[in-house]
Structure formats: C-alpha cells, structure tokens
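Here's a quick look at a sheet and the helix that goes with it. Have the model open as you read.

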Amino acid sequence: MPQVKIIAKNFMDMVASLPAMKLDNLYSNAFICEAILRSLPPLAKKYVLQMLCIEAPVSAKSMEEWVLADGATKHKVAIDRLLQLRLLTETVDRKRETTYRLNPVFQSNLQKLLVCGEVLPREPMPTNVIGKLPSLENLEVFAVEQWECFLLQLINSSQAERPSNISSSTMKVFQRGLLSQREKEAPRLTESGFQFLLMDTNAQLWYIIREYISNSEERGIDPSDLISFLLELSFHVTGEAYNINSLTEVQRSTIKDLADLGLVKLQQGRKESWFIPTKLATNLSMSLTDSSSRKQGFVVVETNFRLYAYSTSKLHCEILRLFARVEYQLPNLIVGAITKESLYNAFENGITADQASCIPWLFYIISFLQQNAHPRVAERIPSVPENVTDQIRLWEADLNRIEMAPAYLYDEFPSREVFEAACDFAREWNGLLWEDSKKMRLMVKAEVHTNMREFLRRAKQ
C-alpha cells in the first residue's frame, strides 16, 4: 500500500524523534531494547548482534567489509536506522576516519537478556485470587465489540445516539484529527477520518496510538514513559490477569483509556482489581515487524456493480454506506450497489482529495474492497471486477473536470484598444481566466481584481 501522511509506520519512528536524553533513558528498560531489536531491518539486526560483545569502536571500513558489493544500499539503510535510534554512536577522528560504537546502555541490557533469558514485565496474578478468567474466544469478542463501538461512534458523531460505555473525554483524545466541528454545527468526519475508516484494523490501531502519544504532553504525561509502558504491555500474555496496583498513576490512567478501545479488559474482585490484555495489545509488538495476518473477507462485488457483504456487523454496514447505496440488510447479509450518486456523496466529503503524495483517495475505496474480498472471490485476479474499478476512476475524473474559483467579469469596454490592453495586463499578472474578443468581455481571478480596476481607471483617464 502506498505511504501517505496519515499512516503511522511503527513505534520506532516515534522513538527516533525523541530527544537524546529521553532516548537514552528509554533504553534502561530491557523490554524496550528487545522490542527495538525486533523492529530493526535484518542487516541492522545482524550488525547489533555482531557488535554486542565488542567494547571497542568499530571502523566504518570494517563494517563495509561485512557485506557484499551489491549490498551497499541495504548497508546504508541499516546504518542510518541505527544512527537515528542512537543505537550507534558515530565518531570522526583527525584522520577523518569514521568509527561506530554500540550504545552502552542498550548493549548492557541486551547482553543480560541473552544471558539470563526473557523475564516478564510483571507476574500474572494467581488463579485462587481472581477465580475464573474469560476464555480467549470471549476476550476476542470483547476486543472486537469495543473497537467497533469506537468506530461506530466516530461514524455517527453527528447523531444524538452515542455509545455510553466510552467517556467523552477519552473520545476527544482518540478522535483528534478525525473529526472537525464548526460553530453551531455537529461534528463531521474529516478527510483523514474517511481514510481512517477504510484502513485495516492494524493500521487504524497504529494511527490511534500515535495520536495518543503525540498529544500526551498536553495531558501532563511524558511521551517516553507512555511509549515504554505500551511496548512493555505488548510483552504481557494474552488472557492472563495482571494486578492494577502494580502500575503507576500514569499507567493506571492509560490502562483505563486502552480498555475503552478493547486493548485490555478490566475486572474488579473483592479486594483486588486487574487487567487482562487482548490480542490488540499484544499485537503492538508484532506490528513492529509488519506482521499482520489476513482477516476473513466478507465482500463480493459483481460486474453489474451489485455489492453483497456477508456480515452481521453494524460497523461493516455503516462503512459501506460511506461510498455505496445500501438497499437492504438481512441478519447476515448486506445488499447494495456502487452508484455514481453514492460515490459523488463520498467524493464531496473529501475521500478523493489529493494528498502530498498525489494519490487519489479512491485508491482506499478500491483497496478496502480488495482487502475485504470474500474467500470465494479473494483468489480471483482481480478480486474486484476491472470494469467496476475503471468506472469508479472515470466517475471521479468526471467530477474533477470543473474547478470552482472566485472571479470577476469585465465588459462594456470603451474601445478595443483598452480591451486588448486589459487582456495583456491580466496575462502579465497570470490572472486571465477567459476572454471573448467579439463581445469584448473578459474574466480575471479575484486576487487581481484590485490591480485590474486600478489599471482600467488609469486607462480611462
């Protein structure tokens, strides 16, 4: 999938952007070191392991000899990544020879990890205290329901009905950048919000976590502490119970926010309270290596533009309404059609607005249909009929043929000489939009109207 500005790649980009002092403090946590090692490109990971027991600096020439000649590009990428994360310290001596040395704090923690083995961040609570835990199936159902509840509230933000199990303050944090609101108007989805809804769950999770970390300082929380806890949380065991009393105040507040998204499930006993991580939480660490399993598809698109979605989810129905006309919904089937009107409604809401990468947003409509194709059609090439995808592009091109711009019309010129001089003046200012030499009329951009009016006043004198 092409990279666009909304998509968060992984935690490591955020880790690399931290100040040097906070980054060094972050490496005092063994789980951060392990998570970062997992996230590195294969060649960078190899360099770290080769230098793990070397205390002296290693020259750049020596490291270049570790790879073949055709691996120069990958070598540069690996070195740049290690320098960004401050895992390598670069030194240039008087002879202009470059040497690299592994971050001592990171090196020490990684050595202990390899020698002593992995130690869990905190021990699960004994079963005699918590009793019966929810099964993994029930836990996954809970996570899906909470996540869909959040997305439904995002889609139905302009409606009066809102899910009551997610606090408004939490929603404001997670919805930043996805909703916009003018005075005396209901909030509505932004262009980023539409794109967000068409992403897969893994990309959506990364976007939300990135935004949650980015505005943490406004809530009085250190971003490095939050990153440390979230990565530590990914090393917990799915389905096990962990004591909330073992967390700091900041971590307790974070756990409550994550519970609203379905990353953890909170439970209360007679004396103790605990949290149970779901797959969404443990996938935070898996996502660092871009390993996401393909989910079961549910959409079938026919050559006649008919759309069949085999799903019981209300969320799936609402997402399809963004760009398709839903005709009726059965208990396990949604029937609709992709029409010119339904797509125009989506385009008017900004789905196809161009980004800096110049990728049309209709790509995400087509990509959504392809990624969620039903297993019976997913093996076909293409999984979405070509006539459908081609027509979607043509409809968008047809919509973009006309561009609205404020302008001024001038007519009733006293002579042809004045008219032609006015046309030349508008061209010089790059403001001429249209001219009719027979009727001596012209139209100019609004920004040159003041200059044009002054020119005509002088010409009349």
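Helices (H or I, at least four residues) and strands (E, at least two) are DSSP runs, numbered from the N terminus.

## Ground rules

This is a predicted model: local features need pLDDT of at least 70, side-chain atom pairs count only at pLDDT 80 or more, and totals for chains, interfaces and linings use all residues. Residues are numbered from 1 along each chain as its sequence is written, and side-chain values use heavy atoms, with hydrogens and water left out.

## The sheet

Three strands make up an open, antiparallel sheet, ordered β1-β3-β2. (Strands pair if DSSP finds at least two bridges between them.) β1 (58-59) and β2 (88-92) are the edge strands with a single partner strand each, so one side of each has no neighbour in the sheet.

β1 and β3 (residues 98-102) run antiparallel and are joined by two bridges. Here valine 58 sits opposite tyrosine 100 of β3.

## Helix α6

Helix α6 (residues 72-84) lies across β2 and β3, at about 105° to β2. That angle is between N-to-C directions, on a scale from 0 to 180 degrees, with axes fitted to C-alpha atoms, for helices over the stretch in contact; contact means heavy atoms within 4.5 Å.

Just after α6, arginine 86 has a positive phi of about 55°.
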